[in-house]
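This report goes through a protein model by topic. Please have the sequence and the coordinates open while reading.

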Amino acid sequence: MQTSIKALILCVILCISLVTALQFGSTFIPLDQIIQALMSMADPNAKATMTDTIITDIRLPRLIYSVLTGIGLSLVGLLMQTVTRNALADPYVLGVSSGASTGAVFAIIMGGLPLLGAYNTPIFAALGAALSIILVLLCVGKSNSPVKLILIGMGMTGIFSALTMMIIYGAKHEAQVRSAMFWLLGSFAGIQWGDLPLTTIIVALFMLYIYLFNQDLDVLLLGNHEAAQMGLSVKQLQLSIVIISSIVIATLVSKVGVVGFIGLIIPHLARIIGGPKHKHTLLFSTLIGSIVMIWSDVLSRALYSPEEIPIGVLTSLLGAPLFIWIIMNRYKHNG
């Protein structure tokens, strides 16, 4: 099947998912009311009903943010696997999520800064992520070794994870612990329209970056030495990938917490469907990541409605078996 046909099929599935996903939540809303609510958004004189408010002010921004998260995590995972040439690399391999988790948990349990109010958690998460990536870059120095990058990232993950657990252990109230743990497992609850502009811009620029440098990224897959011989500035490209990817992850994690396995499995699926070229994996990672994240969020809301399952639990539960299946099929002839 041609690449364009595969992409078209996925686009149709994505469009259907975007509409039908709005039906699910604490209450099921029929499709005709969904369409009516979406049409009323274009009419400034329309009187909004309670159902319209649920769809346009609660479910729709959450849906859009889930799409942005699926795209961001999938593409960061793709680049991490490229820059490290490691099929097991994911968006969190550099310790960015662990740093963000430490910052967020500190804000939740220790209170952060009173003047920041409701922005305490995302701001401290972003600061923690920034601190983590700065430390990684300082430790890596001028080296362009992917192995060194991975190992230092693992070490940084261990440090910040330990700090996070120490902060949680020192919590004086059970409610703080529950809040911190729920954040660590990921959730789209509370996403509002105001959360969308910055994330949309960052994810869009990230997609543009991959598109513009897709040929350089293809060359990087050959190895650092071969890429350098072909005239590619390997260290400069690696540094830009690490910095830009870290900004994307810090932005996403600061809002929704840690969402596992999406950035690990989606690039593999994209390569299976579209091949190894980044021009194609960009497209298929975007489409598949969006679809998977949309329905993961739907399940998180619908399975135990009106209670909500942390999104990270579901993505790990669904992603781990799928990843095992991909690896078993890819290496079944290798003994």
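## Terms and basis

A residue is called buried under 20% relative accessible area, exposed over 50%, and partly exposed in between, using a 1.4 Å probe and protein chains only. The model is predicted, with local features needing pLDDT of at least 70 and side-chain atom pairs counting only at pLDDT 80 or more, while totals for chains, interfaces and linings use all residues. Residues are numbered from 1 along each chain as its sequence is written, and side-chain values use heavy atoms, with hydrogens and water left out.

Helices (H or I, at least four residues) and strands (E, at least two) are DSSP runs, numbered from the N terminus.

## Positive phi angles in loops

R85 has a phi near 50°, which is a positive value in a residue other than glycine. The loop that holds R85 runs between α3 (50-84) and α4 (96-110). R85 counts as partly exposed because its relative accessible area is 37%.

F261 also belongs under this heading: its phi is near 75°, a positive value in a residue other than glycine. F261 sits in the loop between α11 and α12 (262-274). With 25% relative accessibility, F261 is partly exposed.

## Salt bridges

A salt bridge here is a side-chain nitrogen of Lys or Arg within 4 Å of a carboxyl oxygen of Asp or Glu. The count by this rule is 4 salt bridges. In one of them, the side chains of R62 and D297 meet at 2.8 Å, N to O. R62 is in helix α3 and D297 in helix α13 (residues 278-302), so this pair ties together parts that are 235 residues apart in sequence. Both ends are buried: R62 has 8% relative accessibility, and D297 has a relative accessible area of 2%. D297 also forms a salt bridge with R301 (3.4 Å, N to O). R301 and D297 are 4 residues apart in helix α13, which means that about one helical turn separates them. R301 is buried too, at 11% relative accessibility. A network of salt bridges links R62, D297, R301 and E308.

Another salt bridge joins D195 and K255, with the closest N and O atoms 3.0 Å apart. Because D195 lies in the loop between α7 and α8 and K255 in helix α11, the pair ties together parts that are 60 residues apart in sequence. D195 is buried, with a relative accessible area of 15%, whereas K255 is partly exposed at 26% relative accessibility.

## The largest pocket

A cavity is a set of points where a 1.4 Å probe fits but cannot get out; a pocket is an open set with protein on both sides within 12 Å along at least five of seven lines, and lining residues have an atom within 4 Å of a point. Grid points are joined across faces, edges and corners, and a volume is the space filled by probe spheres set on the points.

The largest pocket has a volume of about 520 Å³. It is lined by 20 residues, of which A118, P122, A189, G190 and K255 are the closest to its centre. Helices α5 (120-140), α7 (174-184) and α11 (234-256) each supply at least two residues of this lining. K255 is also the salt-bridge partner of D195.

I201, L205, L208, Y211, L212 and F213 make a nonpolar surface patch of about 610 Å². Patches are made of residues with over 30% relative accessible area and no salt bridge; like charges are joined within 9 Å and nonpolar side chains (Val, Leu, Ile, Met, Phe, Trp, Tyr) within 5 Å. Accessible areas come from the Shrake-Rupley method with a 1.4 Å probe, and for residues only the protein chains shown count as cover.

Within the patch, L208 lies in helix α8 (residues 196-212). L208 is partly exposed, at 42% relative accessibility. V203 is in helix α8 as well, but V203 is buried, with a relative accessible area of 2%. The C-alpha atoms of V203 and I55 are separated by 24 Å, and the two residues are 148 residues apart along the chain.

## Cysteines

How many disulfides does a search of the whole structure find? The search gives 0 disulfides, a disulfide being a pair of cysteine sulfur atoms within 2.5 Å. C11 is in no disulfide, and the nearest cysteine sulfur, that of C15, is 6.6 Å away. C11 is partly exposed, with a relative accessible area of 32%. C139 is partly exposed at 42% relative accessibility.

Conventions: On a 1 Å grid over the protein atoms alone, a cavity is a set of points where a 1.4 Å probe fits but cannot get out, and a pocket is an open set with protein on both sides within 12 Å along at least five of seven lines; lining residues have an atom within 4 Å of a point.
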